[in-house]
Amino acid sequence: MDIIKQREYPLALDVLQAMSLRLLASDRRQTAFAEEKGIVQAGFTGEQAIDYYLNFISNKSYRIFHGLRIPWKNDLYFQMDTLIITPYFIPILEVKNLSGKLYFNQLAQQLIRTKNDVEEGFPYPMTQVNRQAQQLEMYLKQSGFPPHTNHPPLVIISRPSTIISTDQPNAAFHDKVMHAENFPERLHRLEKQYPRACLTQKHLDTLSSLLLQAHEPLIPNYRKKLMVEEHELLPGVLCQQCKQLSMVRDFGWWKCIKCQQKKQRCTYPGIDGLLLINQTYYQQSAVSQFHKTAICHCSFPAVNKA
Ligand SMILES: [Zn+2]
């Protein structure tokens, strides 16, 4: 197998970090930021947990894509945690990193998690991954690939200690929902189920390039979600050492007026954090205005991504 697209560190964590640093420590929304960070981090950790088991794939023609987000139609996208392209079938993996006891209510199409005697409802993962399979099917059809390729939807529970239960336990359910450690065996059975190749090597090459080109990472708009107005974001350039917005230009260097740290360049969360927060690239003048405390006798290009 070949990993064509590696999993990216979630931009959402960068955005949340950048916003959290630009709000007062006493701001009431800091708790919401911390909670969001925990959710995104758990999702990322869960997705990484599948990597070990992917090493058991011996077929060299299999191609793995992590975290694809593909434009679909009318400004809509579909996102897949892990996609495996093979000549025989194209499984989509939806990875869930939930601890506690999971109850898959197939009748109501709802997932209920019980943890520390607290019940919590979640979107039904099978609905999510079935929808992704439909979207992928339409995407392949629109892109001229042979119809009727198989997209077995798989829900992978990343924590071995998570208890899986359901209202209608049967083999068909456990063919779709499984712990990560059971995935290699499930893949082996899929290979027996779909022995006939429906895609050629040329198809695989074309599809790989198409997906890589189409992928558009999401920069989430947490400013809108957590209701932070632009004027509430604290201005200034971030010091990497003391995490204060206290860097100023000082004879060609950047100097922190709090901890005296000196640098030739200001690094990532200073400028890029702002760009991430607003999901767009500011005009130079807007950046200068925002950094009014820092920009005195220098121009914007002096601030670079390290
Ligand atoms: Zn400092």
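Predicted model: local features only at pLDDT ≥ 70, side-chain atom pairs only at ≥ 80, totals over all residues.

Let's begin with helix α4.

Which residues of α4 are buried? They are P125, Q128, V129, Q132, A133, Q135, L136 and L140. Because they cover an arc of only 170° around the axis, they sit on the same side of α4. Covering these buried residues are, among others, β3, β4, β6 (110-115) and β8. Just after α4 ends, G144 takes a positive phi of about 85°.

Helix α4 covers residues 125-142 and lies across β2 (63-71), β3 (77-85), β4 (92-96) and β8, running at about 150° to β4. Those strands belong to an open sheet of six, in the order β1-β2-β3-β4-β8-β10, with mixed pairing. At the edges you'll find β1 (2-5) and β10 (177-179), each of which pairs on one side only. On average, neighbouring strands of this sheet are turned by 35° against each other, direction ignored.

A quick reminder on how this works: strands of a sheet pair through backbone hydrogen bonds, either parallel or antiparallel. Here, β8 (residues 153-157) and β10 pair in the parallel sense over three bridges. I157 stands opposite H179 in β10.

## The nonpolar core

How many residues does the largest nonpolar core have? It has 34, and L83, I92 and I156 are the ones with the most contacts inside it. At least two residues of this core come from each of β2, β3, β4, β5 (101-105), α4, β8, α6 (183-193) and α7.

Let's zoom in on L83. Leaving aside its neighbours within four places in sequence, L83 is in contact with F65, L68, I90 and I92.

## Stepping back

Across the chain there are 10 helices and 13 strands. Buried residues make up 27% of its 306 residues. And of the contacts in the chain with a separation of 6 or more, 65% are between residues 24 or more positions apart.

Terms used: Residues numbered from 1 in each chain as written. Helix = DSSP H or I, 4+ residues; strand = E, 2+ residues; numbered from the N terminus. Buried ≥ 20, exposed ≤ 12 C-beta atoms within 10 Å, placed from the backbone. Contact = placed C-beta atoms within 7 Å. Pairing = 2+ DSSP bridges. Axes fitted to C-alpha atoms, helices over the stretch in contact; angles between N-to-C directions. Arc of directions from axis to C-beta. Core = buried A, V, L, I, M, F, W, Y, C linked by C-beta atoms within 7 Å.
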